[in-house]
Amino acid sequence: MRIDRLDLIAFGPFTGVALDLAQGQQGLHVVYGENESGKSSALRAIGELLFGIDRNSTDDFVHGKTELRLGGSLRTRDGQSLAFVRRKGNQNVLLDPQSDAPLGDDALAPFLRGIDRGEFERVFGLDHERLRKNALALLDSGDGATAAIVGSGLGIPELRGVLSRLESDADGLWSPRARTKPINEDQALIRSLLQEVASLSVTGARWNELREAMQKAEHALAEAKRKKDEADQRRARLERVRRIREPVAARRAARERLPAGLIVPALDATFAERRSGAETALATGRAEQAAATERRDDLRRQLDAQPGDDPILASAAIVHELTGTAATVKKALADLEKRRTELAGRLADRDRFAAQLGIHVDESSITALRDRLDRGVTDPSLARAVRAAQQLGDVVEQRSRLTDRRESSLRRFAEALVRFRASSGYQGDADGLAVLVLPDAETVRRFAARFTTDDDGSRALESEQERLEAEARDAIAELDGLARDGELPAESALRESRALRDDLWRLVRRAWQKGEDVGAAAAALDAEHALPEAFEHATGRADRIADLLRAESKRVAKAAELLRTADKLRARIDDVARKRSALADSRAALDAEWTALARDAGLRVLPPERLREVIALRDELLGLRDDQRTTDSDRAAFEARVAAATGALARALPHPAATDLDYAVALERAEAALESAQHAESAGTKLLAAHDAVVDLEHRIAAIRGDAAQFAQDVADLVARCAADLNDREPGKAVAELAQRVQIARDARTRRETLTKEAATLDEKVAACAIRQQEARRQLDDLCREAGVTDASLLPAVEDHARAERELRREGRPEDLDALVTAHEGDDVIAELATIEETLQATGREVDACTAALLESRRAFLAIDGAPAAAQKAEEIAQRRAALRGKVEDYLRKAFAARLLAGGLERYREQHATPVLALAGRHLSSLTRGRYVAVQTDVDDHGKPVVRVRAANERRELEVDRLSDGTRDQLCLSLVLGSLEHRFAHTEPMPVVLDDVLVHFDDERSLAALDALADFARTTQVLLFTHHGRIRDQALGLGPTHGVFIHRLHA
Amino acid sequence: MSSFRFLHAADLHLDSPLRGIERYEGAPVEAIRNATRRAFENLVATAIAESVAFVILAGDVFDGDWRDFNTGLFFARQLRALGDAGIRVYLLAGNHDAAAHMTRQIEWPANVTVFATKAPQSVVDEATGAVLHGQGFPTRAVEHDLAAGYPVAHRGALNIGVLHTALEGRDGHERYAPCTTAGLRAKGYDYWALGHVHAREVVAEAPWIVFPGNLQGRHIRETGSKGATLVTVEDGIVASVEHVALDVLRWTVITVDVADAKSRDAALDQARHALARARDVAEGRTLVARVVLAGRSDVDAALRSDREAALAALRDEANALGEVWIESLRLATSSNLGGTGKDLIDALALDDTALRANVLASVQDDELRLLGAVQDEHEDRDGLLRTLLDEARELAVRRLLDAAASPGRGTSR
């Protein structure tokens, strides 16, 4: 198939562009388009024409998606042809170019022969990269077979990839010696399940074995139990003999101790205890009675040996009292000397104070003194006057201070008055100050503020005016500068000159159209020129100004700006000047107002600040005058107080003085009189105290002496009465001895009383013991009657007999047991029992073992209960096998697919190898101008097929890796052309679309390549798209005679 | 002459597992557990309910080399249950029983008579007066005509011949104890109670020669209703012979023509309808179904490209229906491969006989063992390999076409 015509009706940048590709046998059509010429769109258009416009086409940037249209004309080798238009859409996309009628969407099938878009793009649409890729795929296949297996577009490498994936899929499922692959794992699982089935299964023989084993175990257990029962019985009998032997012997011994024929009653178990109790009570009673009697007799003997009461006990109370008195008297006598010394000291004090006061001490003088002191010795008015005078302090110093203060005040007033007069021009005296009328401080402050405001405003305006004037000067200077640079036209000048021109024109018209005489009017407008010249002159001037204005627009604008600025500044300067003038007027009014105010005070006219100082000075003067007056008043008051105090002192003196007594003298005398009175009062008080102490001490010494004499008399009386042996003892010691004798007599009496009480208690105990013995004897008589004997000494034997019988009756009749013991007389029961015990243990173990064996065998037998555990496990195996089968089939399916494909591929390679390589060799020779002559296959060291090329001048063959990049590109082109040529020998050819594949070839090689492509294009249409002028020029050089046609693309 | 009924069954194959069913999520697992035991319990219950005089078990109670004596204990317990109901049992060893040693280990209850294996034995059923003749298999493979040695019929009694045989031969069954219908007729018996062939078959009606079929189908080749034959004797003459279904689950093969299906889901929908119909006629049994999709179909590629997904979808359908177990999904579909596929097959000569033979010959011993471990005893291995090879060719072509169509292979502009 070939494309005779490609119509880019509405596609990409193209509108109504057509490529006529019908020339040539098949033809090498070089489609040249510079950058931006739409080459890429044109390339895409071929695929879209044949296989449909892509739903997401990006070639809709000029024509809307629905308007995209391509047209074409196709022709097969056998002459079948079709012209059609393709639109974008899902159905009815192929239309008849004449009628627009749908052709049917499969209308191209006879031309495409099953090739789809993918294959077309892979095999027939080749850019440099794809060319290399396809060729490398051929090289990689190692045999140079065709680039694509017929109809599929799959190369050998892709096919090998499929094969390899199938092999690895199969291998992933299973391999003979693997462990972890799915099938191997399932096999292992099934093996382990089979083992489980085996372990869960039990055979019939085994079941019978277990049953027999269970039966044997039952028999063995029965036999063991029988033997054990026998031994048990024998042991019981011997145990009985062993238990009764002792009671039988005891019974026999008791019987021998009793009279023959005595019928022994059965006694209860408490009998022995009761008998023992009675005997014990009897014995204890006897022993205790004897001991009590002996003790009592001994006490009586001790009592009889005790003496009677001492007569001194009758005077015990007097002795006790005298003992207390003795201690008191002893202490008083010890203090007596200290009292005498104290009395001597007090007497000396009394005498000294009496001497001081000039008194002879006797009763009357003491009484008189006491009265005087009670009345008070010192005059209270004197003390008050002195205290009041002392409170005045240092009178001389105070008088001096008040004088200084007055003088200082006078001096400061005089100084201030001088200052006041100097500053205010005041002519009056000091008294006039008080009535001097001055403006108040607030008024003066207000005026001061107004003056200040005025001054500030005036200064600010002055400064503002200076600044504005400077700016105005600058603007004028700049304007002058601009004017110096050349004539400076002004809009106003233009307006004026135009107005002049217009006026002159009107005059010209009037003169010309109406023939008026306009000479005067003209002269008024321009005196220098006649009307025509004047008009021309004015026109010229207006034009010139206008030109200038245009040419010098920046300067003009600047000048206009400066003029505007200067005008503004001038206006503002005027404004400031007006304000300054107004301010000056206002200031004059203020001055007048102030002057009037100051004059009213009759003082010199002063500025407000100075007047404020004068006012302050006047206030200071008034203050000083007030201070002066206060000082005078203080002095007068102080002197009055001094005079009053002096008077009081004079009046209080013991000897009244003259009334004009000086304050200091009066105070001195008064203080001396006060001190003398106080001294006399103190001495009197002390004399009375000493006198009172002397009287008291004399009384106390007399009392001590009396007490001691009375105590000695009392002691002498007592000794005479009851202890003549102490007659010559010192009374204190005699009393102490008597007290001791009283205590001894008391102790003796207490002991006699104790002995008497104890002897009485023992008498009671002897009587009680006799009663207890009597009761015990009665009990023993009762017990003998109970035991059937008359003699209590037989009671133990009766008891032993009864006890033995009681014990035996627990085992049987005593007579039978006696016979049983007799039967075993001489046997070693203990040894026999030991032997039986061993037998029993052995048989017991045997029974246990047999029981365990039976249980075990029964458990094993009953465990086989017909349950389907093994069968269920077998079911699980079957289910696992079913699952495994699916995997095995999957494995075999994949393994078979791989083997089938490997076989097919091998055969394909064998059948398709040589022709392609031969054709590729021819193309390579042509492309390299005969330098390389053949492409051949070989096998490398690893047995892998490889491709080599043979150079013309060398015998050896080169591997592809050793070729230069350029030669390798040529080899690639050769291989691809060879495989296509081979393919088209058997099938309908397809146009081959090449996108700048020669871009890496140098001039010589690209020319050779064009030659080779032209040759190839004899059988297959080749469309070579390029944007390289060099390729286009080389193609032009070959021209139609070589079957090469050039098409230029214009969007 | 007495009137009574008896049950004739054979081929219990107790505790032999159901084969070829893979467990999957949602499958009715409990419904298939211990199927052979439950089928036999059904037989015992039916015998008691129908008050039959006796039960004939014509061989293959046990399965081959199954050794677990628990099976025997279960069987004996069931026989005792029949004895408790006054029902006698006449038991004959088949080829499987001969192989199964447990037959000799069981203590038979008093109501059971086991036919001798050394020579034919005739037993008179005292209660009915019927005479039963039989000889069990002494060994696994009995290749001579056992019936030839059976005695002639007792006069005036109902004569029943009990025999484990393949008659003249039956597909899928070893040709044990071969004999002919004519030979059996010649004995003059009233009823031949045969065993060994698992498909129920009334070979003749005069006299009655009957294969009751096995009690429970155990794999996909044992489809349809399974059970025992209930025989009614009136006045000493066999009055009626009827099949009693005793199976607990039923096998079936469902072939669905999906030639017209436009999508995989449509094909599976057809399959679901077919399954529903089959389940409705399964007499309340759980259905174990093999689904075969057939026909030249556009959905072939979709089904083959992911067999697992198709099977999973079918299982979901079965789970939705309930009480249906999918044994397998078989693809017997063929594809519309199209031009490219055909070109590939041609170019690579994938249908070449020699190539196919080479592939089949390439199967290794390991691989044959692998296949043998999962195949059934009587399955056709070569046939399976050829089927797999056909599927392998489809797979190879599908992979090649996928590679050709895979994205990233288009030329870049």
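**View 1. Overall make-up of the two chains.** Chain A is built with 28 helices and 13 strands, where helices (H or I, at least four residues) and strands (E, at least two) are DSSP runs numbered from the N terminus. This is a predicted model, in which local features need pLDDT of at least 70 and side-chain atom pairs count only at pLDDT 80 or more, while totals for chains, interfaces and linings use all residues. Residues are numbered from 1 along each chain as its sequence is written, and chains are lettered from A and ligands numbered from 1 in the order in which they are written. Of the 1051 residues in chain A, 27% are buried; a residue is called buried if 20 or more other C-beta atoms lie within 10 Å of its own, exposed if 12 or fewer, and partly exposed in between, with C-beta atoms placed from the backbone. Chain B has 13 helices and 15 strands, and 48% of its 413 residues count as buried.

**View 2. The contact between chain A and chain B.** Chain A brings 65 residues to this contact and chain B brings 58 residues, two residues being in contact if their C-beta atoms, placed from the backbone, lie within 7 Å. On the side of chain B that touches chain A, several helices each supply at least two residues, among them helix 3 (69-84), helix 10 (338-347) and helix 13 (381-405) of chain B. Helix 13 of chain B gives the most to that side, with 11 residues. By class, the residues on that side of chain B are 26 nonpolar, 14 polar and 18 charged; Ala, Val, Leu, Ile, Met, Phe, Trp, Tyr, Cys and Pro count as nonpolar, Asp, Glu, Lys and Arg as charged, and the others, Gly among them, as polar. Helix 13 of chain B has 25 residues and reaches 36 Å from its first C-alpha to its last, close to the 36 Å expected at 1.5 Å a residue, the expected span being 1.5 Å times one less than the number of residues. The buried residues of helix 13 of chain B include L388(B), E391(B), R393(B) and L400(B).

**View 3. Helix 9 and helix 21 of chain A.** The axes of helix 9 (residues 316-357) and helix 21 (residues 731-787) of chain A come within 9 Å and cross at roughly 145 degrees; axes are lines fitted to C-alpha atoms, for helices over the stretch in contact, and angles run from 0 to 180 degrees between N-to-C directions. Among the residues that meet are A316(A), V319(A) and K330(A) in helix 9 of chain A, and G732(A), V735(A) and V742(A) in helix 21 of chain A. This contact between helix 9 and helix 21 of chain A has 8 nonpolar, 2 polar and 1 charged residues.

View 4. In chain A, 5 strands form an open sheet in the order 2-1-4-5-6, with antiparallel pairing. Strand 2 (14-20) and strand 6 (94-95) of chain A stand at the edges with a single partner strand each, so one side of each is left without a neighbour in the sheet. Strand 1 (residues 2-11) and strand 4 (residues 69-75) of chain A run antiparallel and are joined by 6 bridges, two strands being taken to pair if DSSP finds at least two bridges between them. Within this pair, R5(A) stands opposite S73(A) in strand 4 of chain A. Helix 1 (residues 39-51) of chain A lies across strand 1, strand 2, strand 4 and strand 5 (81-87) of chain A, and runs at about 110 degrees to strand 1 of chain A.

**View 5. Strand 12 of chain A and its partners.** In strand 12 (residues 1022-1026) of chain A, 5 of the 5 residues are buried, so the strand is largely enclosed by the rest of the structure. V1022(A), L1024(A) and T1026(A) lie on one side, and L1023(A) and F1025(A) on the other. Strand 3 (residues 28-32) of chain A pairs with strand 12 of chain A in the parallel sense over 5 bridges, and Y32(A) has T1026(A) as its bridge partner. Strand 11 (residues 992-995) of chain A also runs parallel to strand 12 of chain A, joined by 4 bridges, with D995(A) opposite F1025(A).

**View 6. Backbone details in two loops of chain B.** A cis peptide bond, with omega about -5 degrees, joins A206(B) and P207(B), and P207(B) lies in the loop between strand 9 (201-205) and strand 10 (208-211) of chain B. E323(B), although not a glycine, has a positive phi of about 55 degrees, and E323(B) is found in the loop between helix 9 (307-321) and strand 15 (324-335) of chain B.
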